[in-house]
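Me: Hey, I just opened this one and I'm new to it. Can you walk me through it?

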Amino acid sequence: VYILGEVNKPGIIEIEPGTTLLQALAAVGGFSQFAATKRIQLRRTDKSRTEKIYNVNYEAILQGKTSIGTTVLTEGDVIIVPQRRLFE
């Protein structure tokens, strides 16, 4: 799994089968102070090489409004944590 952007340890991480999105974010030490936690992307390419982008709002996960944090990651997934905008 690849994790890019505003996390404490970006790069490639090896995960065990069954690892969730939240567990992967924890494995890289969480977010930097500049992370736009409401605009995280999970990018996944299927067998036909079609990329699907899932938008992740970490704040909504914390509030229990979504269960996307329990999404099990697969080989080749890319997590992007963008930089916050000026008044975000």
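Me: Among contacts between residues at least 6 apart in sequence, what share join residues at least 24 apart?

Reply: That share is 60% in this protein. Keep in mind that you're looking at a predicted model.

Me: Okay, and how confident is the predictor, going by mean pLDDT?

Reply: The mean pLDDT is 95, and 100% of the residues reach 70 or more. Going element by element, strand 5 (residues 78-81) has the highest mean at 98, while helix 2 (residues 58-62) has the lowest at 95.

Me: How many helices and strands are there?

Reply: Two helices and five strands. Reading along the sequence, you get β-β-α-β-β-α-β.

Me: What about the overall size, say the span along the principal axes?

Reply: The C-alpha trace covers about 40 × 25 × 20 Å.

Me: Let's zoom in. Is L25 buried or exposed?

Reply: L25 counts as buried, because its relative accessibility is 6%, and the cut-off for buried is under 20%. You'll find L25 in helix 1 (residues 21-27).

Me: Which residues does L25 contact, leaving aside neighbours within four places in sequence?

Reply: L25 is in contact with V7, G30, F31, I79 and V81. For a sense of distance, L25 and R43 are 18 residues apart in sequence and 14 Å apart in space, C-alpha to C-alpha.

Me: Where does I68 sit?

Reply: I68 is in the loop between helix 2 and strand 5. Its relative accessibility is 17%, so I68 counts as buried too.

Me: What does I68 touch, not counting residues up to four places away in sequence?

Reply: I68 touches L21, Y54, N55, V56 and I61. Take N55 from that list: N55 and I68 are 13 residues apart in sequence, with 9.1 Å between their C-alpha atoms.

Me: New topic, T45. Which strand is that in?

Reply: T45 is in strand 3 (residues 40-45). With 47% relative accessibility, T45 counts as partly exposed.

Me: And which residues does T45 touch, again skipping those up to four places away?

Reply: T45 touches T50 and E51. E6, on the other hand, is 22 Å from T45 in space, C-alpha to C-alpha, and 39 residues from T45 in sequence.

Me: I keep seeing R49 on the screen. Where is R49?

Reply: R49 lies in the loop between strand 3 and strand 4 (51-56). R49 is exposed, with a relative accessible area of 75%.

Me: What's the phi of R49?

Reply: Phi is near 65° there, a positive value in a residue other than glycine. Most residues other than glycine have a negative phi.

Methods
Residues numbered from 1 in each chain as written. Predicted model: local features only at pLDDT ≥ 70, side-chain atom pairs only at ≥ 80, totals over all residues. Heavy atoms only, no water. Helix = DSSP H or I, 4+ residues; strand = E, 2+ residues; numbered from the N terminus. Contact = heavy atoms within 4.5 Å. pLDDT = per-residue confidence, 0-100. Buried < 20%, exposed > 50% of the residue type's maximum accessible area, 1.4 Å probe, protein only.
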